[in-house]
Amino acid sequence: MEAGSRPEGLPLVAAHALTRVGRRADAGGLWRYAAAIPVEPSHAMRLSLGEGATPMISAGDPGLPDVRLKLEFLSPTGSFKDRGAVVLVASALSRGASALVADSSGNAGSAIAAYAARAGLPCQVFVPAATSPGKRAQIAAYGAELVLVPGDRTATADAARAAVRERDAFYASHVYDPYFLQGTKTFAFEVWEQVGGAPDAVVLPCGNGTLVLGAAIGFRELHAAGLIDRLPALIAVQSAACAPLSTAWSQGAASAAEITAEPTAAEGIAIPRPARGAEILAAVRASAGVMLTVSEDEIAEAGRDLARRGLLVEPTGAVAWAAVLAARVSSGADAPGWQRARDLLEGTVVVPLCGSGLKSPGSAAG
Ligand SMILES: *Cc1c(COP(=O)(O)O)cnc(C)c1O
C-alpha cells in the first residue's frame, strides 16, 4: 500500500486494495484481521498490547431492544485509539521512524505513547494545557515527553508540526496519517462479527472523525467483499458546544462550518476545525446516516446513566449514549435527523463506549 500524495497539510488517503477480510486463528485481538491491515503482520504483532476484540453487551434497556454497547474503553490504554495507534506505530517503524511526535486532546497521545514505548521509540506528545490530569499522567508514565500547549486543539497541532520540522521526527498524527484509520476500521469488522451481519446503525462520537472514518472504511470493505449487503447508517454525534460538522450538516454544506467553540466536558471531541471534515460529512451521507448534537447536560446525564448501569466512562465516552437517550425522547417533529435516529433505534444498533472513566471520571461524578 502507498500513501497517496496530496499537497502538504492535507490529510492523506490510503490507497489500499483489500484482498481478504478473514479471521486468522493464530492471532488475537484485531490482528485476527491482519490480512486486511496494510502492515507487515509479523513485525506489527510484536507491538501488540492486546488491542481489539472488545466485548459487546446488550444495553439491557427494555425500551431499546437491540441496542448493544461495544466496550472500547477496555482497550489497553483506555480508548479505541489503540486500534489506530498500533497500526500507525508499526507503519512508522517500517517507514524508518526513529522518533515520534504526536498531538492529541489526550487519548490518542496516551495510545501513541504506549505503543512508542513498546516499540522502543522516543516520543513527544503535545496536548492542550487544559487536558485532564489523568491523561497527562498516563502519557508521561509511558515515558513520553509531555508538552502542554496553551490555547485550543488547533494551537496544539501547530506546535506539534513545528517540532516535527525542527527535530526531523516522524509525525505520528492520528488525524493526518492514513494508517491510523487502517487500525480503527477493525471496529467495523468486529461489529460485523459480533452482530453476525451489518447492524442498522452505529452511533459514534465525532471530533476528528477517526472512528467515524475508520468505521466507514471497514463497512465499505466488508460490503466490497460481499460480506454485508448494505452499509449501516453512521449516526455521528458532536457536542453542541463544538459542532462544526453537525452545523454544516444541518446547513446542507459539504465541509466544516466556521464556528466559535465553547467549552465542553467532551474534551476528546472538542475539535473546532476538523482536517477531514469534508470526508466525514461525505461518509455519513453515503451511509444514509445523520449528524446530531447533544448538550452538556445531556452528556453529563448520559455519563451518570451509564455509571448506574455499571459502566464508567469519561464524558466524551458518554456522547454517543447521550444521543441515544435524546433520540428516544425527541418529538422528531421539527428535527428530521432525530426522527431518522429514532427510527434506526428500532433496529440493531451498536454504540461504542469509547473512553475509560478511570482517567477522567467527570461525567459520572455528581
Ligand atoms: C478520540 C476520542 C473520540 C473521538 O474521536 P475523533 O477521532 O476525534 O472523532 C471520542 N471518544 C473518545 C473517548 C476519544 O478518545
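Reply: Start with the second largest cavity: its lining has 8 nonpolar residues, no polar and no charged. Here Ala, Val, Leu, Ile, Met, Phe, Trp, Tyr, Cys and Pro count as nonpolar, Asp, Glu, Lys and Arg as charged, and the others, Gly among them, as polar. A cavity is a set of points on a 1 Å grid over the protein atoms alone where a 1.4 Å probe fits but cannot get out, and lining residues have an atom within 4 Å of a point. This is a predicted model: local features need pLDDT of at least 70, side-chain atom pairs need 80 or more, and totals for chains, interfaces and linings use all residues. Residues are numbered from 1 along each chain as its sequence is written, and side-chain values use heavy atoms, without hydrogens and water.

Me: What is the volume of the largest cavity?

Reply: The structure holds 2 cavities of 30 Å³ or more. A volume is the space filled by probe spheres set on the grid points, which are joined across faces, edges and corners. The second largest cavity has about 40 Å³. The largest cavity has about 250 Å³.

Me: Which elements give two or more residues to the lining of the largest cavity?

Reply: This cavity is lined by 25 residues, and those closest to its centre are Phe 80, Lys 81, Gly 268, Ile 269 and Thr 316. By class, the lining has 8 nonpolar, 14 polar and 3 charged residues. The elements asked for are helix H3 (107–119) and helix H8 (210–224).

Me: Where does the ligand sit?

Reply: Among the 15 residues around the ligand (a heavy atom within 4 Å), Lys 81, Asn 107, Asn 208, Gly 209 and Thr 210 come nearest. To sit in a cavity, a molecule must have more than half of its atoms within 2 Å of the grid points. The ligand sits in the largest cavity.

Me: How far is an oxygen atom of the ligand from an N or O atom in the side chain of Thr 210?

Reply: The side chain of Asn 107 has an N or O atom 2.7 Å from a ligand oxygen. A polar backbone atom of Asn 208 is also 2.7 Å from a ligand oxygen. For the side chain of Thr 210, the distance is 2.6 Å.

Conventions. Polar contact = N/O pair within 3.5 Å; in protein donor to acceptor, adjacent residues only side chain to side chain. 1 Å grid on protein atoms, 1.4 Å probe; cavity = no way out; pocket = protein on both sides within 12 Å on 5 of 7 lines; lining within 4 Å. Helix = DSSP H or I, 4+ residues; strand = E, 2+ residues; numbered from the N terminus.
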